[in-house]
Each structure stands twice: as C-alpha cells, then as structure tokens.
Amino acid sequence: MTSTLLEDQRTVWAVAAFSFLLFLIGNLPWQLDDYDQAKQAYTSLEMIKEGRWFYQQTPHERVATKPPLVGWVSAGLFALTRSWEVSWRLPSLLAAIALAVLLFRTASSAYGPIAGLVAFSAFGLNLLSPRLATLVRTDMPLAFVIFLIGLLIWQKIEKQEEWKQRDRVYLFSLLTIAMLIKGPIVYAFLLPGIGVFEWWRRRHIPMDCSHGAVSPCPSSHDERLDTARRLQGAWSGWWPWLASLAIFLLWVTGGFLFQPGFFDEVVMREFLGRFGETIHRPKPLYFYLPHLVHKFAPWTVLLIAIAIFDLASRRWRIGTAFRAISPNTFWLFCWSLGGLIVMSLIPSKRVDRIFPVIPPLCLLLAAQVSSGVGSLRRPDAPSRNAWRPYLATALVFAILFTGGYATWKVVTGYRDHRDALAIFGRDVRREAEARHWRYEAVSAKDEGLLLYLRKTHYIEPDRAIAEWNGGNLDALVVSTEKAPRLMPQLRGATVSQLKSSDRKKEQGTDYTLITP
C-alpha cells in the first residue's frame, strides 16, 4: 500500500498543492517588522521614488549593506503590478516554487518517481521553506541561484561531460547574479565542497573505471591523475569565479567613491564584522546543527538513519563506504556538508543563513532512497522497498508537523495583531488620499512604518512643528510617546481616532495620527 501511495501521481499533486499553500500563507499576516524585511523592502521603494538604483539606504538613513539585484527585481515587478506587497514578496515566492519544481524534476529523472516525491516533500515540508517563501529577504533567491550552480556541477559529474565555454559563461552568469544578491557568501557554500571533491577524485578514481565508480587502484600516481582529469570534476576553471568577483568589486569600488559611510557599514560592519565577536553577537560552533535537525525534521532524521543503517551493513567500515560511493552522490555530500561547516566557522550566525544547504540535502536524500543508491547500499543491506513504510511515515509526519506549525503561526499572528502597524499605515494612506492630505511621519524606531506609509524619510520633531505651523502639512504620524510633547506646539491640532491597535511590548511602539 505504501508503494502505491508513494508512486501515485495524485500524491505528488496533493503534496505540491499543500506545499505551495504553505508558501503562500506561511508569513500571514504580512508585515515588515522583523527579520530586517523593512531594510530589504526599502531598497526598491527608494529606487522608484528617489532613483537610487545602485546604492541605497536603510529607513534610518544608514547605508544599505546588500547589493541591489533583488531590489531591481522588486522595482521591475512594481512597474508591472503597481503593488508593493506583491513586488516585495514575489521574488522569494517564485524562487521557492522554481526550486521545488526543479528538485522534483531532477530527482525524478535521476533516481525515480519516489525519490522525486521525497526530494519535493523534503524541500516544501520543513520549517524553513514556507517561512522564507514570502519573507522580504534575499535568502530564497540566493538559495535558488546557488542550487543552479551546484546542479550544473552535479550534471557535469553525472554525465561525465567536459566543461565547455558555454558552460563557463552560464556559470559566470549565475555567479554574478549570486554576487549581486548577497556578495561573496556564494563561495562559502560551493568552494569548500569543490575542493574536497577534487581532492577525493584525484585520490580515489582508478584508471580502468570509465563510469566513475571508486575502487582500489593499483595504477601509478600519474595514471590516476590522468584519469581524474578525464573523468569530469567539479572545477570549471578560474575565470568564471574571478570575473564574477571582479564585477562585485566594481560595485564595491563605486560604493567607496560615491557613497559616504560605505566602507564602515558594508566592509567593516557587514562583512569583516561577521568574523569577529564585537559587532555581531557570536554563536557557538555547533549552533547550526541542532537547528538544522529541528527545522529540517523529519528529513534530517531520515538522512541520518539511512546512513547509519548503511554503515551498520558494512560493519562500520567508513572507508569502504566512501570508496563505493559514486562521484555524483559524493558531490552532493561535499556540497551540503562543506557549506554547513564553513558557515559554522563564522562566529555571526542566524538560522536562515544556512538555508542554501537545504536543496542539496533534499537531492542527497533522494539519492539515498532511490533504486540507484548502490553507491550507498550493499546488496545484503535492506532493499529500497523496506524503506517505503518509513518514507510514507515521514511524509505524513512532515505534513502534520509543518502544517500544524504554519497554522499556529498564522493564527497567533492574527490573534496578536502582528500586522497592526501595517493596517494602521494602510488606513492612514487611504484617509490621506480621500482628504488630499499632505502628511509626514515623525522620526521613530520602527523601520517598517515608512514602508507602510510609502514614505522615504522621517522628519525630526522640530521640523514637523515648523512645517505644521507654516501650513505645509495637514497630518502627522507620531508615536504615542511623542504625541503629548508635540501637541501643545502644533496650532489647531487634534488627535485622530485613527490609531494603531494595541501591540505587545515586544512588537514595538503604538502610533497615532494628528490632524487639524
């Protein structure tokens, strides 16, 4: 019965529909008050309203620390849709859907339909993907581009095709896109795995094995090295990596020359500060491992369980297992583990930063459970059919666990009025449009307030008083803390009934609208 369930096409459609539904609702009610979403959203707003296309600021007028590519995409989408909510969230949503579909097609083609379902489910039914799918951040687009690069390498290794100039141009394009999304962090997720794979390939592949399997090799070192060159590796050559870095450095150089404060904010604080313990709060070396086990459950448990059973069937001979592994599967292992280890070595940590290791882990899991997993399984080990009840159990658990968590987040979000400030900003815009008010926002801590009001700058209290008394303003958005101090100095001002709903203390300050 489990085989029928896992192979039924309706199961794939059901999992796809449920996963995409989680992608859509995972961040409801939509707001920009956490995870630095306001900073990312502000870049595209500033592009459209002020024409700052290459170097942007934050809502509090500090230098924006991310390259502008995702902001360009959002600005282009706004030109088409005229909706900021859609244009801010659509890049991540489209990247998430594209990643899920690409994982399914790749795993199904290489390892069979059940493996394709497992890879698709592992990506869609965890605690990270639905959260990031509509979050106004660069994590999902970056993960998509990194996966395209790793997949290109995987295809070269699997098909034993040489790197051609066309492939290098494609790689250069992808690396450049990744650089303009989030900078050289793409290197941390790919280069360690490439280095380990190339070392392994040159060390273990025998000359007489044209299909790439690994076994003891009596050939000389020179013969093995020649074979390793003929059996295609993960390394494409230097120029795609250096040329894309040069383009990124060109953007950095422009920041040095034309953007005051760029060096301190971007280079010292955002980049070099990640490697220290003074600017960003450091986390322990093992920080990502328990979070990955939790956020990627139950698929991490399945990955570990299959690996343990395989090693037990080999009487715990790890060297034998690695000698039997196929090159394309070993690349998935290097790719996933290399990125995780390097990111763990960086003192500054946050759970969403390791999301790019999730897609290769999904493909590695597909390789483990597939019929072509001879690279991980001996003939006397449990057959793939023996794993199918466990796969079905994992799938059902993932649906309940991920669906339950997403439902809880959405329900508590609406119950706690997590979008109170967003609703307040929308109501202010509607009222101002209906009454043709000229309005501004007095400086406040909440970065999202400017986005909700569709403004690009706060004004200081003294200027607000001068503009109001000079007849240049019809309404002011003020925090409830500052309103009592401002009211006596504003001629003819009254406090409107339009206020942000009571927010919890950890959510920030409440705001009110001052009108004539």
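Of the 102 residues that make up the largest nonpolar core, Phe123, Ile149, Val186, Phe296, Trp299, Trp331 and Leu365 touch the most other members. Helix 8, which covers residues 139–159, gives the most to this core, with 13 residues. Apart from it lies another core, of 29 residues, among them Trp88, Phe424, Trp437 and Tyr452. The model described here is a predicted one.

**Inside the largest core**

- Trp331, named above as a member of the largest core, touches Gly150, Ile153, Trp154, Ile157, Leu190, Gly193, Ile194, Phe197 and Ala234, when residues up to four places away in sequence are not counted.

**Helix 20**

- Helix 20 runs over residues 420–435, and because each of its 16 residues is taken at 1.5 Å, the helix should span 22 Å, which agrees with the 23 Å that separates its end C-alpha atoms.
- The buried residues of helix 20 are Ala420, Leu421, Ala422, Phe424, Gly425, Val428 and Ala432, and Phe424 is also named among the members of the 29-residue core.
- An α-helix has 3.6 residues a turn, so residues that are three or four places apart point the same way.
- After helix 20 comes His436, a residue whose phi is positive, near 60°.

**A nonpolar patch on the surface**

- Phe256, Leu257, Phe258, Phe263 and Met268 form a nonpolar patch on the surface, and together they have about 550 Å² of accessible area.
- Helix 12 (239–258) and helix 13 (262–271) each supply at least two residues of this patch, while the largest share, three residues, comes from helix 12.
- Phe258 has its place in helix 12, and this residue counts as exposed because its relative accessible area is 64%, where the cut-off for exposed is over 50%.

**Glu7 and its partners**

- Leaving aside the neighbours within four places in sequence, Glu7 is in contact with Ile114 and Arg388.
- Although Glu7 and Ala115 are 108 residues apart in sequence, their C-alpha atoms are 9.7 Å apart in space.

Conventions: Residues numbered from 1 in each chain as written. Predicted model: local features only at pLDDT ≥ 70, side-chain atom pairs only at ≥ 80, totals over all residues. Heavy atoms only, no water. Helix = DSSP H or I, 4+ residues; strand = E, 2+ residues; numbered from the N terminus. Expected span 1.5 Å × (residues − 1). Buried < 20%, exposed > 50% of the residue type's maximum accessible area, 1.4 Å probe, protein only. Patch = residues over 30% accessible without salt bridge, like charges linked within 9 Å, V, L, I, M, F, W, Y side chains within 5 Å. Areas by Shrake-Rupley, 256 points an atom, 1.4 Å probe, with all protein chains shown as cover. Salt bridge = Lys/Arg side-chain N within 4 Å of Asp/Glu carboxyl O. Core = buried A, V, L, I, M, F, W, Y, C linked by side-chain atoms within 4.5 Å. Contact = heavy atoms within 4.5 Å.
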